[in-house]
Amino acid sequence: MKAFVVEYGELKLKSMPEPKPGNNEIVVKLKTAGLNRRDLYIPNRRGNDKEALILGSDGAGIVESVGADVTRFKVGDEVIINPSLNWHENSDAPPKGFDILGMPDHGTFAEKIVINEEQVEMKPDYLTWEEAGVLALAALTGYRALVTKGNIKAGETVFIPGASSGVNTYIIQFAKSIGARVIVSSRSDEKLKQAQEIGADLAISTESDWEKELENEQIDLVIDSVGAATFNRSLDVLKQGGKIVIYGATAGDEIDLNLRAFFYGQYQLFGSTMGSREELQQVLAHMEKHEIRPIMDKTFELDDAQEAFNHLEVNSQFGKIALLIE
């Protein structure tokens, strides 16, 4: 089968063996897959490993075959892949054995994938294949940060530095469906406009004076994935006793923190990453109830996966990037 892999540190299309299901596994014939920033980092993490690894965490397709002990699915079912491996019930942190699909296990940038039946959910009927293929990782990450960790409530205000990532486009829509006020920032006027089109109530420039721009706002929750470049600026606009949830650090892992100002402000700081199967099922139910759709940026053919990677790397997208496999 055709697959997009990293081998000896290089990205390439390659023919790989077709997978066969074990007792509790299913083979999914993939129709679409979704890119995530994680995919960009894996080649460096793998180094010059000679074993070809199929990249990709998100995908959707049709069950082609099932193992002897499979009970949740049958041949012909339309499904999405849950990339959050071995994390079933919601918990404060991932359990031992948690991992993310696409390293070390083979991922979704291929014509087929074999996976345990516990890592698959039924595809919502109202979503297109492109939408279903980009859903799980970003939507689950955003939901856990906003709802499980951030505990957002109707009438509260959430501030999201960075408006255009796949995760943040979900967070904007989830927060609005819950009844929260949403404020975002971006360097791009076009992305600020797009964020408002999908529900943001206020969109401000990353380069502006946030304290001045938001002096009449009460920020109950900040969800920050930028990291060092925005953490202290975010803290400066957060109400005393408010929450800040961190799920990424694209602009630096390490910060200087004034501990005295932090404890005097009685702030609450939470880390968050991915989420459990229980939360993914909540995500799917919430999205279906409110008819929330992934925000799509662009779709590429599997043969053009390298071009899709290049598009993601320059960070010009607004929303999710899909690979069309069939």
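These legends describe close-up views of a predicted model.

**View 1. The open sheet of six strands.**
Six strands form an open sheet with parallel pairing. Their order is E13-E12-E11-E14-E15-E16. Strand E13 (202-205) and strand E16 (268-271) stand at the edges. Each of these two has a single partner strand, so one side of each is left without a neighbour in the sheet. On average, neighbouring strands of this sheet are turned by 20° against each other, direction ignored. Strands of a sheet pair through backbone hydrogen bonds, either parallel or antiparallel.

**View 2. Strand E14 and its two partners.**
Strand E14 covers residues 219-224. Six of its six residues are buried, so the strand is mostly covered. One partner is strand E11 (residues 157-161), which pairs with E14 in the parallel sense over two bridges. Here Val158 has Leu221 of E14 as its bridge partner. The other pairing shown is with strand E15 (residues 238-246). E14 and E15 run parallel and are joined by five bridges. Within this pairing, Val222 is bridged to Ile244 in E15. Helix H7 (residues 231-237) belongs to the view as well: E14, H7 and E15 make a right-handed β-α-β unit.

Strand E12 takes in residues 181-186. Five of its six residues are buried, and the strand is mostly covered. E12 pairs with E11 in the parallel sense, over five bridges. Pro161 finds its bridge partner in Ser185 of E12. The chain passes from E11 through H4 to E12, and this β-α-β crossover is right-handed. E12 also pairs with E13, again in the parallel sense. Four bridges hold that pairing. Val184 has Ala203 in E13 as its bridge partner.

**View 3. Helices H3 and H4 where they cross.**
Two packed helices are described by the angle between their axes and the distance between the axes. Helix H3 spans residues 136-149, and helix H4 spans residues 166-178. Their axes come within 8 Å and cross at roughly 50°. H3 and H4 are therefore oblique to each other. The crossing is right-handed. On the H3 side, the residues that meet H4 are Ala138, Ala139, Thr141, Gly142, Tyr143, Leu146 and Val147. On the H4 side, Gly166, Val167, Tyr170, Ile171, Phe174, Ala175 and Ile178 take part. H4 is also the helix in the crossover from E11 to E12.

**View 4. Pro104 in its loop.**
Pro104 lies in the loop between strand E8 (99-100) and strand E9 (112-116). Its relative accessibility is 55%, so Pro104 counts as exposed. The cut-off for that label is over 50%. Leaving aside residues up to four places away in sequence, Pro104 touches Leu53 and Asp99. Glu7 gives a further reference point for this view. Pro104 and Glu7 are 97 residues apart in sequence. In space, they are 13 Å apart, C-alpha to C-alpha.

Key
Residues numbered from 1 in each chain as written. Predicted model: local features only at pLDDT ≥ 70, side-chain atom pairs only at ≥ 80, totals over all residues. Heavy atoms only, no water. Buried < 20%, exposed > 50% of the residue type's maximum accessible area, 1.4 Å probe, protein only. Contact = heavy atoms within 4.5 Å. Pairing = 2+ DSSP bridges. Right-handed = clockwise from strand over helix to strand, strands pointing away. Axes fitted to C-alpha atoms, helices over the stretch in contact; angles between N-to-C directions. Parallel < 35°, antiparallel > 145°, perpendicular 65-115°, else oblique. Left-handed = near helix turned anticlockwise from the far one by under 90°.
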